[in-house]
Amino acid sequence: MKIFISLAIILLSFGSTAAQELRYTTCEGCWNSDSLGNHRIVVQVTDRKDAVRVNIPWRRRDTNPQEKNIIIHSEAGTDVTNISLGNISRESGEIYFEPVDGPGKYYVYYLKYVGGGRSNYPTVTYPPFVSRADQTWLEKIKSKSIKDALATEAQSIDELNSFFPMEVIAMQSEVDQLVNKNPGKKFLIFPESRELPIKMTSDLPHRWIKQGLLNRFQGTVSRGEHYAYQLGLYAIQDVSNIKVTYTDLKSSDGGVISAEVMSCLNLEGVNWDGAAFEKDVDVKKGQVQALWNLIDIPTDVKAGVFTGTVTVSADGAEKAIIQIELDVSDDVLADGGVMEPWKHTRLTWLNSRMAMNDEVIAPYTPLVIRGSTISFLGRDLTLDAYGLPSQIRTYFTPEMTSTTGSPKSLLADGFSFRPEIGGTQALTWKNNGLRFITQSPGLVRWETINESAHLMMKVEGQIEFDGFVSYEITLSAKNDIELDEVMLQIPLSKKDTPYFMGLGERGGYRPPSIQWKWDVATKNQDGGWIGDVNGGIHFSLRDENYVRPLNTNFYLQKPLLLPTSWGNEGKGGITIEDADETAMLRAYSGKRSMKAGEELHYNFNLLITPFHTIDTDFQWKTRFYHQYSPIDTVVARKASVANIHHANAINPYINYPFIKWKEMKAYIDEGHSKGVKVKIYNTIRELSNRAYETHAMRSLGTEIYSPGSGGGFSWLQEHIGENYIAAWFVPHLKDAAIINSGMSRWHNYYVEGMNWLVKNVGIDGIYLDDVAFDRTTMKRIRRVLASERGPGIIDLHSANQFNKRDGFNNSANLYLEHFPYLNRLWFGEYFDYDMNPDFWLVEVSGIPFGLMGEMLEKGGNKWRGMVYGMTNRLPWGDNDPSQIWKFWDAFGMEGTEMIGYWSSENPVKTNNEEVKATVYKKDGSALIAIASWEAGDTKVKLDIDWKRLGMEASAVMIAPAIPDYQDKMELAIGESFTIPKGQGYLIILN
């Protein structure tokens, strides 16, 4: 179906009195874009000739069109082989061809692309023109007078791919003429409506040439609307320090829209952490900068016509004053107009502070200070006179199902921060004492000031209700000084910290010695976790310039910044050494000089684990169906939560779940009516090209989209152009994503968007596929998910990050700051389930942090999974968990007490260290999950402590028949039985 999206555009052929009429249209489904490209020119041939010439004023935004292919088909589909190219430029193209089917329409395809690479990460190229013309025909057109054909339409395969009108370039002669009419000006301003986002940065749109230079903008708006309009700045010369100022808008009857509700998105805003900021914007000669202006129209203003001005200024340039006229209607938009996002009404979300507070989030409890000890859920932190930890205690039982009054002390001695001079710790500090500066239920801050003969040391610390601790240690030199070392020393209890992950070490038992050096170019490593199942410390080293790197396939394109302090040009590092009863962790920065007045920031973060007890009942009763299927299918498979990924009918476009929201709501409403909760895929690592705000956010430079080498799917190359990173691509939807830059205002939009989805669509939570935001955003998301349907469910899937492209980080290490707000883990893709039990425990299960998980890669190992209370997820992988779920229900797993093999209180042990047993106990019976890590089939015998189990000795153990898991087996107490390699049993004691 052909859709006309423009009136006739008169394109003047300079140097000729002739005028040519060209229309811009779309023609959905009219050709195969994968074989011919997304664009074509319709050419009308009126005579039967051997050759015709067409001069196409295509005004292309792509570069080097002379290096790209040309294909011509007749209207009947005949491939034209006799083609010769004349002068080809971005402005026009001269083409000779043989109209093989006589008079009629011919189609010139001019951006044919070739796809390669992986289907979800395509490599698209534009091949050059290769002549297939017959030599005789080529000679003929040289000697004959060639009749002209007429280019009538520029067609695109659909509206998304159309260049009209904002990507149809002005010719250089038109631009020169415009500039010559405005002598002495450094820049020109073109007002533009919100419906036509400015898309090009290196060309003026021909639309602006046609309409001429205007000093007036008119718009129609409703009361309460988040209104936006654009000012396009074209730099005749280099322009620096751009400013935009506003006057009040006033109506004839005295109404006022204050300038206080106006702002320029490109020059000011609110960052992801709530901090207000201003941006410096400079524009190079010949470049275009879109300036998006936002107005929050008051709901109580009277309808009428409001007028005022907006002024654009820059250093050494004449100001541009634009008259603004807004016709405000009687309509009142209670939601700001966000139900119509194509009007860019949601741009105001980029500056939101929604859910940004320190209020305690369940299940966490308020912080309590007693002397120098701060207590929080299941843990406490004691500070010394310098504000550093002198002891960290946890009160969780080894089973991780409850807390106890007998704490685990993680430190053998207190933290120490030691600058060293002359090979000795010769600095004597005068300490002014510990001072609490903020005391609230959700946040406590403290500081100390310490002075020596050579240095000032300010220690600022804070703890949040979930156990996140951050330190900023600032060293200031009072005079020039040579430092032999600056070291943070953490003496840990060796027996209480048997496990480790991070710093290039896979999760599991901690080696007795770790020697690590900074290598940010290839290693996404700045800390690790050390501890036990029921107590541990995660540490990460930072400085004031820390920027969250990219992750999940893209770390090498935006790696960590080497901390100036800790890294010290590569001299710094970390060691962990066992000695006697202590595991000594030392973070050092090496020898350095400091000039008088110089400051160094030795910052570090701690996470005190576990965050809370594990919720086993949630694990048994909350069963995910991870696929878009009819609700009745979800119900029939005994799942309770439907996880809706992207690339389907109700959530088609990656991380932009707003386009098919009505269909999504209908599905969710049906789910709720049948007892099924519905969660959706939505994260912010990358963003679909279908986002309405794509070009507005591109106008912010690399604030929201990460810089990169471009490439990827054809749409990105043709409409974004350059300086981006191409991300996930869905072939059947042609959904092409772009990588986000990390921490940005897009996080504010994300929070607002999630809040909107909860309130208007009814989602019950989110499924996160790796995470590209920090814990601040995670807390905000946790807050907005709460509704009358409950607190919301968040589960996190991660592909194994321990590989070259991800900088050899551990997924659990990378995302540990998010764990306090998750309900479940799905670790996951590319994980090796043949790894040792200690790897399962630390990196996969989530148990040392208060979480439980599921398996993914190849369906996991169902026998080993049950030792940690894990199955895989319907309908993924080779193992269908339905039969295990059915067995859970028959046994009555809800209400059982889980006692893992790692607990000294476990009443069931095996006679083989490679065979693990976990007990699920309830009154009168117990379930024993047994799994083998032995290299082959092995015989095993159970040692049961009946008293600890709380049961009298039984004569028989029964392994009930569970389809695709085990055959029925009865065993006498003390009897040995064989476990096949990599398998196990579920055994019931009654």
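**Close-up 1. A cluster of aromatic rings in a predicted model.** In this predicted model, ring pairs connect W342, W349, Y656, F658, W661, Y692, W746, Y749 and W756 into a cluster. How many aromatic pairs does the count come to? The count comes to 54 aromatic pairs. If you are new to such pairs, here is a handy way to think about them: a pair of aromatic rings is described by the distance of the centres and the angle of the planes.

**Close-up 2. The rings of F217 and Y229.** Are these two rings stacked or edge-to-face? The ring centres of F217 and Y229 are 5.0 Å apart and the planes meet at 20°, so the pair is stacked; planes under 30 degrees apart count as stacked. F217 belongs to strand β16 (residues 216-223) and Y229 to strand β17 (residues 226-235), so the pair ties together parts that are 12 residues apart in sequence. Now look at how covered the two residues are. F217 has a relative accessible area of 6% and is buried, and Y229 is buried too, at 1% relative accessibility.

Close-up 3. Which parts of the chain does the pair link? W840 sits in helix α14 (residues 837-845), while W933 sits in the loop between β62 (925-932) and β63 (938-940). These distant parts of the chain are 93 residues apart. Both W840 and W933 are buried.

**Close-up 4. Charges over rings.** Here you can look at two lysines, each together with an aromatic ring. The charged end of K68 is found over the ring of Y126, 5.5 Å from the centre of that ring. K922, in turn, lies over the face of F891, and here the distance to the ring centre is 4.3 Å.

**Close-up 5. Strand β36 and its two partners.** Strand β35 (residues 443-451) runs antiparallel to β36, and 9 bridges join the two. To find your place along this pairing, look for I449, which stands opposite K458 in β36. A hairpin of 3 residues joins β35 to β36. On to the other partner: β36 is also joined by 9 bridges to strand β37 (residues 468-477), again in the antiparallel sense. Here M456 has S476 in β37 as its bridge partner. β36 and β37 form a hairpin as well, with 3 residues between them, and G467 in the turn has a positive phi of about 100°.

**Close-up 6. An open sheet of 5 strands.** Follow the strands in the order β32-β39-β46-β45-β42; their pairing is antiparallel. Which strands stand at the edges? They are β32 (416-420) and β42 (513-517), each with a single partner strand, so one side of each is left without a neighbour in the sheet. On average, neighbouring strands of this sheet are turned by 20° against each other, direction ignored. Within the sheet, strand β45 (residues 573-579) and strand β46 (residues 582-588) run antiparallel and are joined by 7 bridges. One place to look is D578, which stands opposite A583 in β46.

**Close-up 7. An open sheet of 4 strands.** The order here is β15-β17-β24-β21, with antiparallel pairing. β15 (187-192) and β21 (262-264) stand at the edges with a single partner strand each, so one side of each has no neighbour in the sheet. Neighbouring strands of this sheet are turned by 25° against each other on average, direction ignored. β15 pairs with β17 over 6 bridges in the antiparallel sense, and the bridge partner of P191 in β17 is L231.

**Close-up 8. Spaces in the structure.** The structure holds 5 cavities of 30 Å³ or more. The largest cavity has about 50 Å³ of space, and its lining is made by Q619, T622, R623, R824, E854, G869, T871, W885 and W888. Next, turn to the second largest pocket, with about 1000 Å³ of space. Of the 39 residues that line this pocket, T201, S202, R698, I720 and E722 are the closest to its centre. The elements that give two or more residues to the lining of the second largest pocket are β24 (288-296), α9 (694-698) and α10 (714-719).

Note on methods: Residues are numbered from 1 along each chain as its sequence is written. This is a predicted model: local features need pLDDT of at least 70, side-chain atom pairs count only at pLDDT 80 or more; totals for chains, interfaces and linings use all residues. Side-chain values use heavy atoms; hydrogens and water are left out. Two strands pair if DSSP finds at least two bridges between them. Axes are lines fitted to C-alpha atoms, for helices over the stretch in contact, and angles run from 0 to 180 degrees between N-to-C directions. Rings of Phe, Tyr and Trp (its six-membered ring) pair if their centres lie within 6.5 Å; planes under 30 degrees apart count as stacked, over 60 as edge-to-face and the rest as tilted. Buried means under 20% relative accessible area, exposed over 50%, partly exposed in between (1.4 Å probe, protein chains only). A charge sits over a ring if NZ of Lys or CZ of Arg is within 6 Å of the ring centre and within 35 degrees of the ring normal. On a 1 Å grid over the protein atoms alone, a cavity is a set of points where a 1.4 Å probe fits but cannot get out, and a pocket is an open set with protein on both sides within 12 Å along at least five of seven lines; lining residues have an atom within 4 Å of a point. Grid points are joined across faces, edges and corners, and a volume is the space filled by probe spheres set on the points.
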